[in-house]
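Here is a short briefing for a first look at this protein. Start with the sequence and structure below, then read on by topic.

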Amino acid sequence: MLEHSWYRSNLTTLTRVLLPLAGLFGILVSLRRFLYRIKLKKSYRAKVPVIIVGNITVGGTGKTPLVIWLADFLSSNGFKPGIVSRGCGGSQQNTPRFVTEKSDPSDVGDEAL
């Protein structure tokens with residue numbers, strides 16, 4: 001329902017309610033970026049190359065197929081990629097979790113598998 005309302009060309013009741021929150025979110029993001037820029041918040045530099053695949057849109061945008069393709073591509077070119085996911089849909093609260101083919105989808109979420 002939210003996804004359907006978000007992409008409509010006219011405002012719905014739901015999008016009218018969420019619009020002020022979107023403005024607030026934009027202000028908070030700008031403030032956070034400013035704090036990084038003036039070095040009050042510190043950036044983290046990973047010791048390995050990192051590729052982030054994601055956005056604030058949920059469902060059906062092709063993120064999972066892209067990650068699968070990217071991991072296969074990197075593997076075929078001699079790299080050893082690792083994939084980090086929040087494990088959406090899993091019930092297990094112990095994080096982080098190492099996921100294998102034998103992991104229970106109800107614990108880690110089906111997408112991680």
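How many residues does helix α3 have, and how far does helix α3 reach from its first C-alpha to its last? Helix α3 (residues 63-76) has 14 residues and reaches 20 Å, close to the 20 Å expected at 1.5 Å a residue. The expected span is 1.5 Å times one less than the number of residues. This is a predicted model, in which local features need pLDDT of at least 70, side-chain atom pairs count only at pLDDT 80 or more, and totals for chains, interfaces and linings use all residues. Residues are numbered from 1 along each chain as its sequence is written, and side-chain values use heavy atoms, leaving out hydrogens and water.

**Overall build**

- The protein has 4 helices and 0 strands; helices (H or I, at least four residues) and strands (E, at least two) are DSSP runs, numbered from the N terminus.
- Along the sequence, the pattern reads α-α-α-α.
- Of the 113 residues, 8% count as buried, meaning under 20% relative accessible area, with exposed over 50% and partly exposed in between (1.4 Å probe, protein chains only).
- The accessible surface comes to about 10,400 Å², and 61% of it belongs to carbon and sulfur atoms; areas come from the Shrake-Rupley method with a 1.4 Å probe, and for residues only the protein chains shown count as cover.
- Among contacts (heavy atoms within 4.5 Å) between residues at least 6 apart in sequence, 8% join residues at least 24 apart.

**Helix α3 and its end**

- By the ring rule (centres of Phe, Tyr and six-membered Trp rings within 6.5 Å; planes under 30 degrees apart stacked, over 60 edge-to-face, the rest tilted), there is 1 aromatic pair.
- Trp69 and Phe73 form a stacked pair, 5.2 Å centre to centre with 15° between the planes.
- Trp69 and Phe73 are separated by about one helical turn because they sit 4 residues apart in helix α3.
- Trp69 is partly exposed at 49% relative accessibility, and Phe73 is partly exposed at 39%.

**Nonpolar patch**

- Leu21, Leu24, Leu28, Leu31, Phe34, Ile38 and Leu40 make a nonpolar surface patch of about 680 Å².
- Patch residues have over 30% relative accessible area and no salt bridge; like charges are joined within 9 Å, nonpolar side chains (Val, Leu, Ile, Met, Phe, Trp, Tyr) within 5 Å.
- A salt bridge is a side-chain nitrogen of Lys or Arg within 4 Å of a carboxyl oxygen of Asp or Glu.
- Phe34 lies in helix α2 (residues 13-37) and is partly exposed at 40% relative accessibility.

**Loop between α2 and α3**

- Ile52 sits in this loop and counts as exposed at 76% relative accessibility.
- The C-alpha atoms of Ile52 and Ile83 are separated by 9.7 Å, with the two residues 31 apart along the chain.
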